Amino acid sequence: MATKTKVIISYILIFAFILYSSISIYFWSENKNSELSSLENKVKSQDTKITSLEKESNDYRVKNIGLKIQTVFMDNNIVLINSDSAKIYHKYNCVNYDTSGGFYAYNVNAAVSQGYLPCSKCSAPIPVNSSIERTYMVYVTATGKKYHSDGCQYLSKSQIPISLKSATQNGYSACSVCHP
Ligand SMILES: [Zn+2]
Ligand SMILES: [Zn+2]
């Protein structure tokens, strides 16, 4: 074969190779682009989901705060009385409160004015400045700044009886273990 023909064939082969490579790269990049845009769509849809879940979670948080406020209000104001002869009132979650035999729900002031006394197990609310606050006995220790109900684990070393009114007036605060 003449040298000239060889050179021409070489050029054709090189050209064909370049053409083939360019077409391959073009299709490969088209394919990657469509993969990329499909991934972008997935990310967008996940973002929308996240936003909607965040909104939902925030709604629950707001609802939860509302329920907590409601619970604290009920615990501080509404007391429950078993329909038995014991003149004791309880908080909703007290172990001594039992709905099986019927029950009454009272405003705490109404319960006190009708002669009911707070249960010592459930830290039932006591109206401020009531006769109960003056006479209700709690216990303090020689060193601590908390007042306790009878039987609290923190009363093993010393147990000094004091009225709830004097305890609060003297800067004692309620023990978070026995909830006096
Ligand atoms: Zn109780
Ligand atoms: Zn205690």
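**Strands 5 and 7**

I began with the pairing of strand 5 (residues 137–140) and strand 7, which run antiparallel and are joined by four bridges; I took two strands as paired if DSSP finds at least two bridges between them, and the strands themselves (E, at least two residues), like the helices (H or I, at least four residues), as DSSP runs numbered from the N terminus. Looking up one bridge of this pair, I found that methionine 137 has serine 163 in strand 7 as its partner.

Before going on I noted that this is a predicted model, in which local features need pLDDT of at least 70 and side-chain atom pairs count only at pLDDT 80 or more, while totals for chains, interfaces and linings use all residues. Residues are numbered from 1 along each chain as its sequence is written, and chains are lettered from A and ligands numbered from 1 in the order in which they are written.

**The sheet around them**

I then followed strand 5 to its other partner, strand 6, with which it pairs in the antiparallel sense over two bridges. These two strands form a hairpin with five residues between them, and tyrosine 139 stands opposite histidine 148 in strand 6. Strand 6 (residues 146–148) also pairs with strand 8, here in the parallel sense and over two bridges, with tyrosine 147 opposite alanine 174 in strand 8.

Put together, the four strands form an open sheet in the order 7-5-6-8, with mixed pairing. Which strands stand at the edges? I found strand 7 (160–163) and strand 8 (173–174) there, each with a single partner strand, so one side of each is left without a neighbour in the sheet.

**Overall form**

I next looked up the whole chain, whose secondary structure comes to four helices and eight strands, running α-β-β-β-α-β-α-β-β-β-α-β from the N terminus on. The radius of gyration, taken over C-alpha atoms, is 39 Å, whereas a compact globule of 180 residues would have one near 16 Å, by the rule of 2.2 Å times the number of residues to the power 0.38. Along the principal axes, the C-alpha atoms fill a box of roughly 125 × 40 × 25 Å.

I counted a residue as buried if 20 or more other C-beta atoms (placed from the backbone) lie within 10 Å of its own, as exposed if 12 or fewer do, and as partly exposed in between. Of the 180 residues of the chain, 16% count as buried.

**Helix 1**

Helix 1 has 75 residues and reaches 109 Å from its first C-alpha to its last, close to the 111 Å expected at 1.5 Å a residue, where the expected span is 1.5 Å times one less than the number of residues. How many residues of helix 1 are buried? The number is zero, so helix 1 lies largely in the open.

**Cores**

For nonpolar cores I used sets of buried Ala, Val, Leu, Ile, Met, Phe, Trp, Tyr and Cys residues joined through C-beta atoms within 7 Å. The largest has 13 residues, of which Val79, Ile81, Tyr89, Ala111 and Tyr116 touch the most other members. Strand 1 (78–82), strand 2 (88–89) and helix 2 (108–113) are the elements that give it two or more residues. Apart from this core lies another, of nine residues, among them Val138, Tyr147, Leu164 and Cys178.

I took a contact to be two C-beta atoms, placed from the backbone, within 7 Å. Leaving aside residues up to four places away in sequence, valine 79 touches Tyr89, His90, Lys91, Tyr106, Val108, Ala111, Ala124 and Pro125.

**Asparagine 129**

Last, I noted that asparagine 129 has a positive phi of about 65 degrees although it is not a glycine. Most residues other than glycine have a negative phi. Asparagine 129 sits in the loop between strand 4 (117–118) and helix 3 (131–135), and with 9 C-beta neighbours inside 10 Å it counts as exposed.
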